[in-house]
Amino acid sequence: MNVWNDLLFLNGAGGGTFGCRIFDLLPDPMSPKFITTYTGGDCHDSYGQRIGQRDVLFSADGMMGQYRLLDISNIRNSNQIPKIGETNSVNGAYAHSNVVSDDGKTLFVFDEFNEFDIGVYDISDLSNPQLITTFQWSGEQSEGNSIVHNGMILGNYLIVAYYQAGLRVFDVSNTSNIQEVGKYETFRDPNGDGIFDNNSVRGDDGAWNVAKLQSGKILISDTVYGTFVVTLNGGPGPPTLQPTSEPTRQPTSEPVSSPVSPPSKILDPECSPTEKVLKVEVKTDTASGENKLNVKLRNTKKKFKKKIILVKTFENSKINTFLACVKTESKCYKMKITDKGRNGIQQGFVKMYLDDTKIYGNKFKRGRQRNKKFGQC
């Protein structure tokens, strides 16, 4: 749901083709008047802003992998919704949500299928959005491939709910050089004591949404640990994040150039009652740089797109362990491990467990890759 300019947008509520139902909240918000339905795309989420002489609705069109710019300036007098422009469709991406800079010149988009995470578009010409760059959180390469969800603009900062990577703050004043400058670990360190309670960053639990209060405080909703209230401290340097009630230890707030190291013990992720803990063990050889691993969830089109686990770097000659929460009673998943050298893993193996019950084991002695489907496939 989105409310803007006294209009109510019920995202994804257009029927079998999704879309967006639009209501007028004037003169009585308790009795909204239906205006029309946008059916030109999925409209999984939407965002409204006045830019120049136009009221523009930005529709994140889900499985279509693109974002559309719609002219709703005359929406109360006409049920026509002219399209102004659109981004290119990105194959395999899920156009989840989008926000716009205060000056109306830059569009920030969020991809929930983890193809690129966050995209930045120049929309100075609304009819022709141009991609500037894509970027991800600071720990993408060193800590794991986390999924992005929602975000908001706060001056020169993009405030992002990044699922198990928690809240992330990016300085977007220079879109050619975007920097992560702050964070709060709502999922891995919910009590703020500097010790990770959860080690995984690869699931779809954690920071879900963000919102700004009139007081300037920021709300973060976490799907596991509830609502956090923090303040964003500006000033001449980078912002800092502080909870409104003091934790035992102040959370890290400096620009993240050296991410916090996870604990040596592998901790089970916090899974819901309908989920099981998936554990993947990979015993590597001395050429671990040749190996890559992913576990993907199958979508409604029977394509394995959403990444649950993605590993590009392993430790040599060690058992590398990776954890995630999965719903094997109702979903289908596929594990894939590859060896660039096409000679397998010498004296190594690949094993998978669900709640400590072994479901797969392979020594991967030769060849380029191994695959294993599991769950309801």
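Which residue does a disulfide join to Cys332?

Mentor: That would be Cys377: a disulfide joins the two, S to S 2.0 Å. The term here stands for a pair of cysteine sulfur atoms within 2.5 Å. Before going on, keep in mind that this is a predicted model, where local features need pLDDT of at least 70, side-chain atom pairs count only at pLDDT 80 or more, and totals for chains, interfaces and linings use all residues. Residues are numbered from 1 along each chain as its sequence is written, and side-chain values use heavy atoms, with hydrogens and water left out.

Back to your pair: with 100 degrees about the S-S bond, the Cys332 and Cys377 link is right-handed. Cys332 is buried at 4% relative accessibility, while Cys377 is exposed at 51%. For those words, buried means under 20% relative accessible area, exposed over 50%, and partly exposed in between (1.4 Å probe, protein chains only).

The count comes to two disulfides, and Cys271 and Cys325 form one of them, with their sulfur atoms 2.0 Å apart. That link is left-handed, at -90 degrees about the S-S bond. Cys271 is partly exposed, with a relative accessible area of 24%, whereas Cys325 is buried at 11%. Counting bonded cysteines along the chain, the pattern reads 1-2, 3-4.

Then there's Cys20, which is in no disulfide; its nearest cysteine sulfur belongs to Cys43, 3.8 Å away. That distance is too far for a bond. Cys20 is buried, with a relative accessible area of 0%, and Cys43 also counts as buried, at 0% relative accessibility.
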